[in-house]
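Please open the structure in your viewer and keep the selection tool at hand. The tour below goes step by step, saying at each stop what to select and what is there.

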Amino acid sequence: MGVTVLQQYPVPEHKTGTYVIELLTKRILALGATQQGQFLVDCESYLSLPQMGSTKTVHILHNSEQPASVFSILESGTKNIHVIADGLFDLLMMKLSQHYTSKKQTKIESKGPRFELGDFCVKFGSVTMNQNFKGILIEVEYRPCVMANAVWGLLREFLQGLLGPSITVQPPQHLLSRMNEIYAPIDTIYQYLEHFSAYRKVTGLRSA
Amino acid sequence: MNQTINVDQLNSALTSLRTLRLSVSHVFETLANGLRADHGEDGKEKFLLELQELLTNVNINLRDLEQTVTGLPIPTAPFNLGNTTYLSQETTQERQGLYTQLVNSYKWTDKIHEYSSFAHSLLSQNSLKRSYINSGSTKRRGKLQSTHNVSPLQVDNVINNIDRSYNDMKITISRPYASNAVVQINLSHVLKAVVAFKGLLMEWVMVRGYNETLELWTESRHHVFRKVTENAHAAMLHFYSPTLPELAVRSFMTWLHSYVNLFSEPCKKCGCHLHHTSLLPPAWRDFRTLEPFHDECKQ
Ligand SMILES: [Zn+2]
């Protein structure tokens with residue numbers, strides 16, 4: 001898999017998310033992209049019960065790009081620990097309901113169309129939490145390159161070409177420490193978690 | 001074979017052997033015929049004299065042969081015929097003649113090689129070529145060296161020397177198809193390439209992504225590496241030089257190494273990473289300056 005960057009895209013006042021995604025879809029099709037199905041990334045978070053001592057959070061994420069894997073990230077103080085397992089991990093979490101309870105009302109997902117354009121794979125995701133629209137996340141993967149440091153300038157150029165020069169493109173927080181590492185699917189998951197956590201903190205509803 | 005055999009000496013030895021055989025068969029022929037009409041009255045005497053003369057001939061020829069044979073160097077080891085030895089184990093009648101055909105075609109290719117080297121040095125005097133060549137190569141014509149038929153050890157040396165001169169480019173040699181080398185190149189975290197050699201001549205290049213498996217005949221699934229493969233073929237032909245094969249390999253590797261910044265360096269002409277129509281990074285490297293350009297920008 002290639003280096004991927006996740007970018008928030010602003011939804012103007014009085015405009016809906018669907019409208020913005022349609023607009024972006026028209027733009028990328030005009031550039032010569034082909035639509036290759038849909039995608040979905042979802043995240044459910046679990047809190048440890050008080051009898052286990054200090055509260056820990058486990059985030060369970062799925063990505064349709066890796067349909068056979070379940071990604072889990074355990075937040076414990078300063079350090080995050082991740083485990084990549086197969087589909088049975090979901091059942092295991094249900095068994096653990098004695099110790100971890102799901103925060104159902106914060107279940108959050110990003111879904112939408114998926115495009116291929118040259119060596120790029122572009123996804124326009126509409127983010128919803130509990131059926132409430134929260135915003136738009138754009139995922140761009142440059143498949144041939146595995147090192148963020150080498151390809152960052154190229155990705156910025158692509159994003160600004162696609163989304164307009166007014167968009168500021170910064171390397172995601174998570175990638176900053178991993179610019180010289182080989183990119184892996186879990187790096188995309190961390191980026192989604194970063195954005196999902198930010199969306200959860202924002203109150204107020206938008207119209208989808 | 002380290003020891004070169006003097007062909008002239010060998011030939012004269014074979015000739016004297018043939019003469020000896022001829023004179024011996026002459027003796028037996030005369031004996032078998034016995035007395036003839038032309039021996040006349042004193043047939044017996046004359047016949048014996050003739051026989052004596054013939055036997056003296058045999059003696060002389062035998063001495064000749066012995067002399068030439070002692071002059072021949074003793075081969076240190078049995079002759080190594082390589083894979084052609086197995087031809088002697090062929091049982092089918094119509095295939096037993098293969099060895100002669102093999103030798104003939106070997107002679108034929110050798111001759112072609114010789115002629116084409118002459119043609120090359122003649123043509124390089126005229127500036128028909130677009131690329132930069134030094135016309136000085138005509139001076140060092142000297143002994144023509146075979147470039148498609150060099151020992152694996154020599155190829156290994158050339159390639160290992162190149163490997164040692166780069167920190168971020170790893171070159172490994174394998175020989176999946178008999179004696180010809182297939183060389184794998186890992187260029188940093190950017191790309192992988194595989195080059196098939198025939199002796200010291202490069203015959204085929206395939207460039208694929210860092211996260212792809214290396215295969216000689218399958219193209220990369222990424223557009224950018226398909227483009228680089230295309231350009232690598234152009235470079236291979238450009239650097240091709242049958243008279244200085246080592247230089248050709250070295251120049252090609254230097255050129256390929258310049259792809260270490262394939263994704264990070266913008267095009268020298270338009271200053272962009274991605275070309276606006278192809279959406280490819282600069283996948284061309286100038287042969288001389290090694291500067292990156294988009295295919296569309298290189299003119
Ligand atoms: Zn250019």
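A salt bridge is a side-chain nitrogen of Lys or Arg within 4 Å of a carboxyl oxygen of Asp or Glu, and in this predicted model the count between domain 1 of chain A and domain 2 of chain A is 2 salt bridges.

To see one of them, select Glu65(A) and Arg114(A), which form a salt bridge whose closest N and O atoms are 2.8 Å apart.

Next, colour the two domains of chain A, taking 3–40 together with 108–201 as domain 1 and 42–106 as domain 2.

Now turn to the place where the two domains of chain A meet, where 17 residues of domain 1 are in contact with 20 residues of domain 2. Between them, the two domains of chain A bury about 1,600 Å², and 56% of that area is on carbon and sulfur atoms. If you display polar contacts here, the count between domain 1 and domain 2 of chain A is 9 residue pairs, both residues being at pLDDT 80 or more.

Then select, on the side of domain 1 that touches domain 2, strands E2 (34–48), E7 (108–117) and E8 (120–129) and helix H5 (185–201) of chain A, each of which supplies at least two residues to that side. Which of these elements gives the most? Helix H5(A) does, with 9 residues.

Finally, colour this side of domain 1 of chain A by residue type, and its residues divide into 11 nonpolar, 2 polar and 4 charged.

Notes
Residues numbered from 1 in each chain as written. Chains lettered and ligands numbered in written order. Predicted model: local features only at pLDDT ≥ 70, side-chain atom pairs only at ≥ 80, totals over all residues. Heavy atoms only, no water. Domains from an automatic or database assignment. Contact = heavy atoms within 4.5 Å. Buried area = accessible area lost by both parts, 1.4 Å probe. Polar contact = N/O pair within 3.5 Å; in protein donor to acceptor, adjacent residues only side chain to side chain. Helix = DSSP H or I, 4+ residues; strand = E, 2+ residues; numbered from the N terminus. Nonpolar A, V, L, I, M, F, W, Y, C, P; charged D, E, K, R; others polar.
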